[in-house]
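Take a look at the structure below. We will start with one chain and then turn to where two chains meet.

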Amino acid sequence: MNLAEGVQFVSFIILAVLVIGAALGVVLFDKIVYSAFLLGGVFISIAGIYLLQNADFVAAAQILVYVGAINVLILFAIMLVNKKENYAPIPRRWIRKGSAAAVSIGLFVLLSIMLTRTHWSVDLSVASPALPIETIGEHLFSDYLLPFELASVLLLMALIGAVVLARREEIEGETTAIVGELPAPALELPERPREPVA
Amino acid sequence: MFVLSGYEYLLGFLLICSLVPVLALTASKVLRPSSRGPERRTTYESGMEPVGGAWIQFNIRYYMFALVFVIFDVETVFLYPWAVAFHRLGVLAFIEALIFIAILVIGLVYAWRKGALEWS
């Protein structure tokens, strides 16, 4: 049993409204935490659109990688720097705003031209595999085995690189503690402050 | 044209899930007595008094755990097609997946030995 045409259409409309609304919220909210959570909403809605396009593996990868990994990292980064501070106003802000607007409008025009010029008719003579993920799995473990194993080496490099980069401050703290006579001030960030943060 | 089967259950789950918070909140709004006491505005009714604001800077050590988590999260994407096609792939693919995991476990051991997982 498959989804009927009408249900698909209604689902697509709901998902499109969710994507556009959440994306507007990402841009327009003042508090950056709300923007990060709405970005997760955008990613999940796009995964739903992938599902409607029969791409279930891409949808799963979208949720695992974008929502599970990238959005979590963005949230962690916000947690680590989220301190209310009064920043000095940036001089000549209109140049930045104007250039951002020019780039955005240019991208919008480019995508609109691409949308109207592309032939969207799908070649239905090519039969799609019955079980897409199983087909991907079979190819991954037969003809694409070496790239698959190399991907784990790439992930290993990323993990070791992340550990080395994130630990660099502490290592510098240790060396200064050895060289200098006085104990170096700890470079760690303080634990949760007990007094209300102004 | 939608060819994936079994997703009407997902749609049903989504509809029921979106009804649950709406029904729970409206039912409690209808049933509960209205009170205007000061206790009503506390965060935890019979728990600890919260100290300080919620908008604080968190400890930077959490970031190490996030990075290690992200690597193994991306690993899941590669193992997902293997798990789905497991019954068609056989023992050789199982060994290949074990090699894949073993290479990543080296990274986990490295992070462990370097103290990235310590909470000192």
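Chain A has seven helices and zero strands. Helices (H or I, at least four residues) and strands (E, at least two) are DSSP runs, numbered from the N terminus. Along the sequence, the pattern reads α-α-α-α-α-α-α. This is a predicted model: local features need pLDDT of at least 70, side-chain atom pairs count only at pLDDT 80 or more, and totals for chains, interfaces and linings use all residues. Residues are numbered from 1 along each chain as its sequence is written, while chains are lettered from A and ligands numbered from 1 in the order in which they are written.

Now the meeting of the chains. Chain A gives 55 residues to the contact, and chain B gives 49 residues. Two residues are in contact if their C-beta atoms, placed from the backbone, lie within 7 Å. On the side of chain A that touches chain B, H6(A) gives the most, with 14 residues. That side divides into 36 nonpolar, eight polar and 11 charged residues. Ala, Val, Leu, Ile, Met, Phe, Trp, Tyr, Cys and Pro count as nonpolar, Asp, Glu, Lys and Arg as charged, and the others, Gly among them, as polar.

Next, pick out one helix pair. The axes of H3 (residues 56-81) of chain A and H2 (residues 62-84) of chain B come within 10 Å and cross at roughly 175 degrees. So H3(A) is roughly antiparallel to H2(B). Axes are lines fitted to C-alpha atoms, for helices over the stretch in contact, and angles run from 0 to 180 degrees between N-to-C directions. Angles over 145 degrees count as roughly antiparallel. Residues of H3(A), including Phe57(A) and Leu80(A), meet residues of H2(B), including Tyr62(B) and Pro81(B).

Technical notes. Angles under 35 degrees count as roughly parallel, over 145 as roughly antiparallel, 65 to 115 as roughly perpendicular and the rest as oblique.
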